Amino acid sequence: MTARTSLASWQALSAHALQMKQQHMNDLFAADTQRFKQFSIQLPSLLLDYSKNLITRQTMELLLTLAQDCEIPCWREKMFAGEPINRTEDRAVLHTALRNRSKTALNLAGENITARVEQTLEKMKNFSDRVRQGHWKGYSGKRITDVVNIGVGGSNLGPQTVTEALKQFSDNSLNVHYVSNVDGAQIAEVLRPLNPEKVLFIVSSKTFTTTETMTNAATALKWLVSSSFDEQAVAKHFIAVTANRENAAQFGISRENIFEMWDWVGGRFSLWSAIGLPIALDLGFDKFIELLEGGHEMDQHFQQAPLASNAPVMLALLSIWNCTFLGAQSQAILPYDQSLHMLSAYLQQAEMESNGKSVSWHGEEVNYPTVPSIWGELGINGQHAFYQYLHQSNNVVPADFIGSVASNTPVKGHHETLMANFFAQTQALMCGVDEAQVRADLHAKGRQQDYIDKVAPHKVHKGNRPTNTILMKRITPKTLGSLIALYEHKIFVQGIILQICSFDQWGVELGKGLASKIQHELESNEENAGHDSSTAELIRYYKAVKNQ
Ligand code: F6P
């Protein structure tokens, strides 16, 4: 396999980037009146406008040649067919099978996994209906009113991001809470107002070994048993979602209360599996299916659309253009919809845990920047916090602006204010304002020349800051499913082009191993001789202060 940097398309892009760095988007828009038409994609659920990037038709041709050279269509087929493209773990990557609403059979190691998925969906439906309708009772015969999902990373962020985004679609049959942090403050706060007779815990962990989740689950178990004085209560109040049935059973969860997960689903891509149970409990199973349908719709677009009009492919190519070729080091996710307030945290894990790596498929250090750091916040809040940096710092931060045409909120009179800001910001980031214009504006306002000379340089906005605009028609379970799948496939394409193993996460292991040794030291009189002096002294100080 050829190293990416030796591809003619890669080298052409490197040379082209040097030329493009001299260009301003304002001039590109002036020179090409068809830019929006040329550089936007309309899908049933959303519009992607990527015209406000530092690109020309030539840039896109070169990027598409790179995509072809990297055999994106062939890799895409391999993923959907269940080939073991997670090469370091020798596993298939089949979150798409979880939402395959066409229900076409897919065989993996001689087993029809579509049938397995359907069985689990059926089990989720029966269970969520029973709980929501009050037929599933707690140990004392009372109906369940509260669900607490205990999980972290992919076993938390996916379901929480979705239930937060779709609050308007909940009939409030149940209150759904999330506990992810091992800081006891979180679980204490969640449990404080709850009645143990009416709570259902979901222990959500693919591995069923994650320390944070196991610690929280043990605390929840203690809380329940000490309030109910009844060990049998566990069967009525604890369920698990895991690929490790044995550990869940050992924890005390009845086998019939264990929902299956599979090693061909990565944690950060798992909200479509039984990990999404809190979604079904909160919104109803039908809405969960609508979410899957939206994901499936995006899968079909990704599989069938030509690369040049393929939204996930475009997002991936633009990210690589902005970061690997033009040198941007971070990317902002800026939703203009309160309901998407967790989206940047969700995408942070999805992209950074997938592609935040620097060793190629061949096991060699890559000599190009891979993915940027992903960060963000609700756009409106960001405007009054860090947009100063986006507009005028000497780091260029490409940003995805995500908004919706129709609002779900019953409150009238706010949406146009919100969306006016949405459109204004991408325009300002691109167009900027030069010094001549700043001076003219100040003159027109009758300002003194001294004042104008002093202030004008500070009011200049260079513009030329790239943004993508994703405009959803309305946020619904279906359109949200499409949006999330759009980013999932973007991440897949990025990984292939950058030759990164997107589906493992070895980088989280080192810290986990050290933490478990240090925990032992914190809880005993032992000192580990292996620490560097900073860590050793910090631990000594901690223990000394604690024992004062
Ligand atoms: O440590 C990182 C990680 O393994 C993530 O990839 C995963 O989503 C999270 O921890 C939770 O893992 P689990 O579902 O096995 O508890």
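View 1. An oxygen atom of the ligand lies 2.7 Å from a polar backbone atom of Gly154, a polar contact being a pair of N or O atoms within 3.5 Å. An N or O atom in the side chain of Thr210 is 2.5 Å from an oxygen atom of the ligand, and for an N or O atom in the side chain of Lys512 the corresponding distance to a ligand oxygen is 3.2 Å. Of the 400 Å² of accessible area that the ligand has on its own, the protein covers 88% (Shrake-Rupley method with a 1.4 Å probe). This is a predicted model, in which local features need pLDDT of at least 70 and side-chain atom pairs count only at pLDDT 80 or more, whereas totals for chains, interfaces and linings use all residues. Residues are numbered from 1 along each chain as its sequence is written, and side-chain values use heavy atoms, with hydrogens and water left out.

**View 2. The shell around the ligand.** Of the 13 residues around the ligand, Ser155, Ser205, Thr207, Thr210 and Glu353 come nearest, where a residue is near if one of its heavy atoms lies within 4 Å. The shell comprises 2 nonpolar, 8 polar and 3 charged residues, with Gly counted as polar and Asp, Glu, Lys and Arg as charged.

**View 3. The largest cavity.** A search of the whole structure finds 3 cavities of 30 Å³ or more, a cavity being a set of points, on a 1 Å grid over the protein atoms alone, where a 1.4 Å probe fits but cannot get out, with lining residues having an atom within 4 Å of a point. The largest cavity holds about 90 Å³ of space, and among the residues that line it are Trp75, Arg87, Trp361, Phe492 and Phe503. Helix α22 (residues 477-498) gives the most to this lining, with 3 residues (helices are DSSP runs of H or I, at least four residues). By class, the lining of the largest cavity has 8 nonpolar, 2 polar and 1 charged residues.

**View 4. The second largest cavity.** About 70 Å³ of space lies in the second largest cavity, which is lined by 13 residues, with Asn322, Gln331, Pro398, Asp400 and Asn468 nearest its centre. Two or more lining residues come from each of α15 (311-325), β12 (399-406) and β13 (467-474) (strands are DSSP runs of E, at least two residues), and α15 provides the largest share, 4 residues. The lining of the second largest cavity divides into 5 nonpolar, 6 polar and 2 charged residues.

Terms used
A polar contact is a pair of N or O atoms within 3.5 Å; within protein, one must be able to donate a hydrogen and the other to accept it, and residues adjacent in sequence count only if both atoms are side-chain atoms. On a 1 Å grid over the protein atoms alone, a cavity is a set of points where a 1.4 Å probe fits but cannot get out, and a pocket is an open set with protein on both sides within 12 Å along at least five of seven lines; lining residues have an atom within 4 Å of a point. Grid points are joined across faces, edges and corners, and a volume is the space filled by probe spheres set on the points.
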